[in-house]
Each structure stands twice: as structure tokens, then as C-alpha cells.
Amino acid sequence: VMIPETGSELERVADIVRRTSGVVVGAPQLPALAAAIARAEPGLGAGGLLLELGDRTRGPALLDRLVDEVTVKETCFLRHRSELETLDWRGLLEVARRRGSPVIRVWSAACASGEEAYSLAMLAGQAFAPVPPPVAVLGTDIAASALRRAAHGRYGARSLRNVEEPLRERYFHADPDGLVVSQTLRELVTFARHNLVGDPIPPVGRGPFELIVCRNVLIYFDRDTVDQITAGLERALAPGGRLVLGAADRVSGKPRVLRRAAAAAPPRPAPRAGARDRGRPASRDVALAVPEPGVEPALAAAETGRIDEAIAATDAMLAADALDPVPHFIRGLAEHAAGDPEAAAASLRRAVYLDPGFLRAAFELGRAHDALNHDAAAARCYRQALDVLHEGRPGVRRLLNPREAGDIAAASRGRLRALGAARTGPAA
Ligand SMILES: C[S@@+](CC[C@H](N)C(=O)[O-])C[C@H]1O[C@@H](n2cnc3c(N)ncnc32)[C@H](O)[C@@H]1O
């Protein structure tokens, strides 16, 4: 282990964690890092840890334990299900066969305790039923403790909260310690230790893959690391294969990467059309997420890169009402997608000015600043997005599907962490 020469002892440990695992531990998380050190090796402290890490025999195992303690392993079965349900398993099988493989090779990268890997096997099972699915799923993670739980295959009710009864019956059985993954599922999944930052991508002797799923991990890394990993994952795909990043992970890289990753992302479910949402309090209900007519096609154009169409539509909307924040927001999205984050920031700033509770606009303004490397401004916007959510201000649900609020919160926190500017307190 290379031990840095400068900074407080705790900062030096944070630097080692970042270089080893990619996980950025910003200043606000240093107390949590101190607690992680105490769990990894009680009584040692940052100074003692730095000394021990230099020890050839004990150092590597201690570092593994520390990284294991630092990582966030929150997950569940069928998490962000919509991102997985759009997968075309039969199409993936065609892709595999073209390469002479009788099975679809799947990689769940950073799979934590295995729920994502088993979920993919389960979805493939549903797609190919009644015959056994031709898939081989590899689940990997940096954290040995998570992989032990994955191999164990026993889960609590919370972990299965998204799994409906027929799927539970088919793929799990109960024992006194919880719900146990069935043998049919286990046979489709293997687990291995793999560090996305330190190990080759794809893992040695594995790949190429028809499907790679990497979610809720890039948010902990800095932009350069995200770029390197995303490029590696793309190279690990078989031609015609599919890379699925999480909604939050897609906004963690530089704009170039964002666009590529967005192109590989599943289509978003279209919001329902209908009622107007303007000027009503957010607390009413989900129906407030529904935009007024005309907004939806413009938004879809901006989100799918049909820039000219989006700009033309927002021109018309602004001619009708120049003080409507929505067209300014859509225009900003289009400008960012067109590779002009500066223009995007100006449009999005107008949207936020006109409606300070416009959550998505605040978040997208953060992304535009991120793309311009305006770290402080980006951090301010992400904080504003979190504040808007926290306070449940009017406008919070503008142009949002209900579950997107959670994604925006996770992405904002992730970016704040990676920018080293997270808010203090439990929200981070
Ligand atoms: C929040 S979990 C995500 C689990 C799952 N992908 C999901 O979306 O539900 C993040 C996982 O990333 C893992 N992780 C962190 N840094 C990693 C690295 N450098 N290489 C591989 N896994 C890493 C952590 O150990 C943790 O299990």
C-alpha cells in the first residue's frame, strides 16, 4: 500500500480507500470513516491503521476489511425493476448465438449480497419459461462479506419486498433463517470477488458478456474513475450486447459518457398525459406529476436527442408564455444533450429561478455545472435538489414519475459525495 505523505491521518486513510476502491470519502464523511476503521480493527485508530497497512503480511487483509466497512451495500431483489424488465432476453440469446455461445453471459457488476444477480436469473427464467433459461450470471463485488451472503442465498422479507407471491413460490423456500434461493436459481449464478477499480475489466477469464448490469456503485466514484469503468464495461460487451447502468450512475460520468450510457439505457416509461400541474401544491398526490398536453412530446424529444424538434417545441411554448419554467427546462435538457452545457445552464437557471421548487430543473442544472467542471455551483444545485425534496415544496413533482424523486436524491447525494462537498448530517 502506498501511504500518502500529506493531510491528516484520517484524510490519508480516505485517500488510500479512494485509490483502492474508487469510493470517494469526502470531508463530511471522515467521522464515518473513523467509525469504519474502528469496526475493521477495534482500538487501532487512523494512525495505527496507517502503520499496519504498511505491513506486508497483515496490511492487505486489513485494507480489504476497511473497504468492506466503508462500502454501502444497500440492495434488494428486483430493485428499480423497470430498468430490468425492458430487457429483451430472446434478442440477447440471438446475440450470444451469433458469437457461438449457447447461453447468454450476464455480469452483475457490484452485485452486493447477490439480489441483483439472482433477480436477473429470475427474469430470464420468466422470459424462457417453461424451459430452463439459457443464461449464466456472474455476480461480482469488492466486499467479501457481501459475497458470503450472496453465496449463502438466504434473505429477509425486506430484501424480497418487490417480489410478488408467484415468483416467491417459484424461486424461494422458507427456512427458519429466512427465504432461501432455490437450487434452479443457484445453478444459474456464480459469484466472484472483483474490484472495478483495481482488477481487469472484464474479470480475468470471463466475458465478453451479452448483458452487463452495473447499478448504484458509480455514484460513489469520481468522474475520471466513472469514465474509465464505463469505457471498460463497454469493451467487455459482446457486439450487440447491452450495458445497463442505474439512473443515478448514468449521471455520474462526464457528458461524453453520459450520452453514451443514456443511449444504452432502457426507454423510460412515458408519463401519463392529461391534467395540468401548474401552481398546485405538491402534497396533493402523484397526479401532479402529469404534465400539460404538448409538454410530453417536447420532453421526449429532448430526452431522446431529437434536439431540433425539442427546441422548436420550446420556442412555441415560450412564445405562448415566456414565464413558464417548463419550456426553459426542456430547452436546457436539449441543449445539454446537444453538447452545449453552457447554454443548458442558462436555460435551466431560468427554470429554477421561475420555480425554485422545480426539482428536476435544479438537478439538471447541477449536471450542467458538473459538465462544465463548476464543482461549487454543481454542489449548490444538488443541495438545492435535496432541500426541495426534503421540504416537499410546491413544484417538487413537476415532470417527475414518483420513483424518480428517489433516483434524483440518490444521484444528488452521490454527486455531492464525489465532489467532496456532501451536506453534513444524516442525509449524506
Ligand atoms: C449500493 S450496492 C449496489 C448493489 C446493486 N448493484 C444494486 O443496485 O442494488 C454498491 C456495491 O458496490 C460495491 N463496490 C464498491 N466499490 C466497488 C469496487 N471498486 N468494485 C466492485 N464493487 C464495488 C459495494 O461493495 C456494494 O456492494
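How are H17 and H18 oriented relative to each other? They are roughly antiparallel, a term used for angles over 145 degrees, while angles under 35 degrees count as roughly parallel, 65 to 115 as roughly perpendicular and the rest as oblique. The model is a predicted one, in which local features need pLDDT of at least 70 and side-chain atom pairs count only at pLDDT 80 or more, whereas totals for chains, interfaces and linings use all residues. Residues are numbered from 1 along each chain as its sequence is written, and side-chain values use heavy atoms, with hydrogens and water left out. Helices (H or I, at least four residues) and strands (E, at least two) are DSSP runs, numbered from the N terminus.

Consider the helix pair of the opening question. Helix H17 covers residues 341-354 and helix H18 residues 359-371; they pack at an angle of about 155°, and their axes are 9 Å apart. Axes here are lines fitted to C-alpha atoms, for helices over the stretch in contact, and angles run from 0 to 180 degrees between N-to-C directions. From H17, the contact (heavy atoms within 4.5 Å) is made by Pro341, Ala344, Ala345, Leu348, Arg349, Ala351 and Val352. H18 contributes Ala361, Ala362, Glu364, Leu365, Ala368, His369 and Ala371. Sorted by class, the contact of H17 with H18 has eleven nonpolar, one polar and two charged residues. In this sorting Ala, Val, Leu, Ile, Met, Phe, Trp, Tyr, Cys and Pro count as nonpolar, Asp, Glu, Lys and Arg as charged, and the others, Gly among them, as polar.

H18 also packs against helix H19 (residues 375-391), at an angle of about 165° and with the axes 7 Å apart. H18 and H19 are therefore roughly antiparallel to each other, and their crossing is left-handed. Among the residues that make this contact are Leu359, Phe363 and Gly366 of H18 and Ala377, Cys381 and Val388 of H19. The contact of H18 with H19 divides into eleven nonpolar, three polar and two charged residues. Ala362, Leu365 and His369 of H18 take part in the contact with H17 and also in the contact with H19.

The strands come next. Strands of a sheet pair through backbone hydrogen bonds, either parallel or antiparallel. Two strands are taken as paired if DSSP finds at least two bridges between them. Strand E7 (residues 209-214) pairs with E8 in the parallel sense over five bridges, and Phe209 stands opposite Leu237 in E8.

Another open sheet has three strands in the order E3-E5-E4, and its pairing is antiparallel. Its edges are strand E3 (154-155) and strand E4 (172-175), each with a single partner strand, so one side of each is left without a neighbour in the sheet. Two bridges pair E3 with strand E5 (residues 178-181) in the antiparallel sense. Arg154 stands opposite Val180 in E5, and the bridge partner of Tyr155 in E5 is Leu179. On the E4 side, four bridges join E4 to E5, again antiparallel; Val180 of E5 is here the bridge partner of His173. A hairpin joins E4 to E5 through two residues.

Some local backbone features lie in loops. The peptide bond from Ala129 to Pro130 is cis, with omega near 10°; Pro130 lies in the loop between helix H7 (115-128) and E2. The bond from Gly207 to Pro208 is also cis, with omega near 0°, and Pro208 is found in the loop between E6 and E7. Ala110, a residue other than glycine, has a positive phi near 65°, and lies in the loop between strand E1 (104-109) and H7.

The structure holds 22 salt bridges, each a side-chain nitrogen of Lys or Arg within 4 Å of a carboxyl oxygen of Asp or Glu. One of them joins the side chains of Arg18 and Asp15 at 2.7 Å, N to O. Both residues lie in helix H1 (residues 9-21), three residues apart, about one turn of the helix.

Notes: A crossing is left-handed if the near helix is turned anticlockwise from the far one by less than a right angle, and right-handed if clockwise.
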